[in-house]
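Subject: A structure for you to look at

Hi there,

Here is the structure I promised to pass on to you.

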Amino acid sequence: MSAKRPKWAEWADWVRENDDPRMAGPKPEALDDLVVLDLSSQSYAGAYCSSMLAEFGAEVIRVEPPQGDFLRTCTPYGLLHQGEGLNYLTEGRNKYHVTLDLNLEEGRDILRGLAAQADVLLETFPLGTMDTWGLGYEELKKTNPGLIFASITAHGQFGPEANDPMPDYDNVAQAKSGIQYATGAMLPPEEDVATCPWAVSTKAGPWIAWCSAGTFMATGILAALHWRCRTGQGQALDVATTEAYMRLDNYTHIWFQGGGHVTERVGGLDNALWLYCFAPTSDGGVFLGGLRLEMWQAFCDMMGKWDEWEVGEWDSLSPFLNQEAQLKYFPEVAKFTRQHTSEELVRMAVDYSQSGRLAPITTVIAPILSPKEAMEDTNWNERGVFAPTQDPIYGRVVAVQAQHKMTETPIRTKWVCRPVGYDNAFVYRKYLGYGPAHLSQLREQGVL
Amino acid sequence: MAEATWRDYVRNKGKKPSPLTGLRVLEVCTIVFGPSGPSWLAEMGAEAIKVEIPPLGDLERDLSCSGFRFKEQSPLFLHDNINKYYLGLDLHKPEGQEIFCQLAAKADIIENNLRPGVMERFNVDYHKIAKINPGIIYLEKNGFGQWGPYAEENRPSNDGASQAFSGLAWLSTFPGQTPVKQMIYLSDMYGALLAEVAVLSALHHRDRTGKGQYIEISQTESIMRTMSWIWPYLDITRQNPAPAGNRDVSVCPADTFCCADGSMVSLAAAAPVEFAGLCEAMGHPELARDERFADHLTRLKEENAPILLGIIAEWVAQRPAQEIENLAREHGFAASRVRDASQVMADQHIRQRGFMTQVDDAMYGQYRDHEFPVMMSATPPQKKWAARPVGFDNEYVMKKLLNTSDKELKALYGIGALGKWADRPGRRPPPDWDGNSDLILSRDQASPQAARGEK
């Protein structure tokens, strides 16, 4: 904590006392009255969605085929931690894991029993699969009219391409969204893709389309629950992964309609803002930000261009809000930033705020950190972002949870994952009253 | 059958109720991160009142696309501010603060994305509002949250800084290259979305107990949540994960490739049947049995994946994108060209699903925009109207919610507690507005034509 505290320090202390995630334990859980069946298959969107609900205390039952969900094998470079893929390792959080072969009638019958007692059912099978099994919404709602039946797929539950059997993948959804097309390095003049294979449309690193689909579906489920609280009525929900990610694009579709403009890659620049870009440094890169003219002027001053460019005469940011101007000024900016380390530039902005010509106005300069540097940053650690979970099976695991902090019903990660079928005995006893003899019979028949 | 559930969904949207109908949201929000969340609630039927300080209001109104504006309005502002009522209220003035408190007493949710301490300075912080309305769900969004070293240093933050700070940009690049910025305001949009999960969970808690609560969220912390395996990987290996360009290192094969026709195609085929289909399509079914590739975990390894991706790259490079897409359909793997805005806008599927919906707005006319991306069979979300000028609905909000008399209104305008738009693009109505249509309460009653929106 810095020595000189702000005027609102008392407020900061109150919030911290009331929402520090490490003190969540005894507080109430917002969704601990809910039972969620997560049938999602080969879909991080599904697993991510049910994680959101499980962190709030919902009893999420992951129903996997006897060999386990394929998602368990989707792990970077094939790396396993105690036999578990890293993506699934952190997305099994707070969930119960059962196996069930839905290709067998016996398995489907058990599923009907669970669905009759559930509040939410989440599935990500290709369209028609649940219907073919006799487990579609129209069928299940007959016994459970309050059921919220949530489907996440590549193309959605209706529309001309809904029957396209294409499996749902994050990278393909990013490609379809229009966002990947407009993100990536610009090709340097007189070069081509053969010489600069990195100067192409570039996707976001994380499974961001899947995360968007899962998070939007979580909001949909919660809105549907509110409606059900008022009316008792359940319903079916439909998310298409591409659409969910596309919804985060603020303008390319409007720009195209109004101006016939196809948004192209601008590398580290921005179509709507200046000064607002990534710039290379001698040891990496920095973000430079200043939405006001004075902040851009301050940066020109730091570059030593005050007199040469007659910066003091400028009276509007407008002349800089087009690509032509940005491509004219950016090489000058980059030439300057390349001569310094990221740390030097960050320091320069702080010093300028104290003694610069326009002080206290300065430019926002932030280093582009690697994940390792981000993870070592005191601020996030103090706020509990990377607090490890001690899992009874998997030991210490850093599973970053959702990052809202709440005073009454904070979220928590109690355990991170379970092996395939780990909770069969508990869940089938609790919901269906099956004892050990019945369970071993079902296991022998291949139903579990 | 799914078909029975969704038949005529788009056509019947307007005839069904909205899931959040009856809820009232007050927002004091600016630039992308702020207003997006209340917009989603309003698309699901909540009554969202956008409080802006007159006459300039939300700074997002300033943002153009390289100078392009849609009927003078910022395309970004138009996208992030849907189905809202617009109140120009000066929170610097005690009278403005008093009105805010009166509205807060009748609200369910309050959202802002100002810096810590600002709402306290306006005398409308959580402690004050919770005394008036203990059921209130009060959300504050910003760069670093309400406590911790960066928040206390009063560091400014924005989407670009957040992409840089979180490790996201470093990761979303090709090895050895200066990171590129995501074209969308990803940290802002995703942080706004994650915040609504908290708000709606808090609503469920309130439905059960009557209790409200306080919520804070940082967009940098939120985007870190999406980086799933990165954190356990770092914790276990102590190594930075390498930037991998378009390659998905958790799914194999999954990458973006250059086609013969100059376009790019993204492809994924990880599950056994999909991978066998891809090998078949490539005319090399034996690859699916190759010991380096047969099993997904083995295929993902660094000694194998690049070899396989090299083989696929060579195959794709000799074919146009269309052929790869057709083969994907035929053989059961996933592939799509990397679509640009014109291709997205020509997509008939998303139009017919009502996702790329046609807005029919009294002020901004007809244009296509994204529907809320969760289709709900009983309670469909729906975009109903577009953005409005600063303070456009003052009379309606003040009369309907507080029954303010004309005399009081005049006094409030007189002292500047209430105000309307500045005469600047994005703040004022579009140039072709008739000066009358779409005002809810104070239309010119002397002119029936004008009242009907005719010129």
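This is a predicted model: local features need pLDDT of at least 70, side-chain atom pairs count only at pLDDT 80 or more; totals for chains, interfaces and linings use all residues.

Residues are numbered from 1 along each chain as its sequence is written, and chains are lettered from A and ligands numbered from 1 in the order in which they are written.

**Chain A as a whole**

Chain A has 17 helices and 14 strands. Helices (H or I, at least four residues) and strands (E, at least two) are DSSP runs, numbered from the N terminus. The C-alpha trace of chain A spans about 85 × 55 × 45 Å along its principal axes. Of its 448 residues, 56% count as buried; a residue is buried if 20 or more other C-beta atoms, placed from the backbone, lie within 10 Å of its own, exposed if 12 or fewer, and partly exposed in between.

**Where the two chains meet**

How many residues does each chain bring to the contact? Chain A gives 155 residues and chain B gives 154, where two residues are in contact if their C-beta atoms, placed from the backbone, lie within 7 Å. On the side of chain B that touches chain A, helix H11 (residues 186–209) of chain B supplies the largest share, with 17 residues. That side of chain B divides into 86 nonpolar, 44 polar and 24 charged residues. Here Ala, Val, Leu, Ile, Met, Phe, Trp, Tyr, Cys and Pro count as nonpolar, Asp, Glu, Lys and Arg as charged, and the others, Gly among them, as polar.

H11(B) packs with helix H8 (residues 208–231) of chain A at an angle of about 25°, and their axes are 9 Å apart. Axes are lines fitted to C-alpha atoms, for helices over the stretch in contact, and angles run from 0 to 180 degrees between N-to-C directions. That angle makes H8(A) roughly parallel to H11(B), a label used for angles under 35 degrees. Residues that make this contact include A:Phe216 and A:Leu222 of H8(A), and B:Leu193 and B:Leu200 of H11(B). In total, the contact of H8(A) with H11(B) divides into 13 nonpolar, five polar and two charged residues.

Strands also link the chains: strand E8 (residues 235–240) of chain A and strand E12 (residues 375–376) of chain B run antiparallel and are joined by two bridges. Two strands pair if DSSP finds at least two bridges between them. A:Leu237 has B:Met376 in E12(B) as its bridge partner.

**A sheet in chain B**

Three strands of chain B form an open sheet in the order E7-E8-E9, with antiparallel pairing. Strand E7 (254–258) and strand E9 (334–337) of chain B are the edge strands, each pairing on one side only. Five bridges join E7(B) to strand E8 (residues 264–268) of chain B, and B:Asp255 has B:Leu267 as its bridge partner. Helix H16 (residues 305–317) of chain B packs on the sheet, where it touches E7 and E8 of chain B. Helix H17 (321–331) of chain B also packs on the sheet, touching E8 and E9 of chain B.

Is E8(B) enclosed or open? Five of the five residues of E8(B) are buried, so the strand is largely enclosed by the rest of the structure. B:Met264, B:Ser266 and B:Ala268 are buried on one side, and B:Val265 and B:Leu267 on the other. B:Ser266 stands opposite B:Thr256 and also opposite B:Ser336 in E9(B).

**A sheet in chain A**

Chain A has an open sheet of three strands in the order E9-E10-E11, again with antiparallel pairing. Its edge strands are strand E9 (276–281) and strand E11 (364–367) of chain A. The twist averages 25° from one strand to the next. Strand E10 (residues 284–289) of chain A pairs with E11(A) over four bridges, and A:Val286 has A:Pro367 as its partner there. Helix H12 (residues 323–337) of chain A lies across E9 and E10 of chain A, at about 40° to E9(A).

Enjoy exploring, and write back whenever you like!

Key:
Angles under 35 degrees count as roughly parallel, over 145 as roughly antiparallel, 65 to 115 as roughly perpendicular and the rest as oblique.
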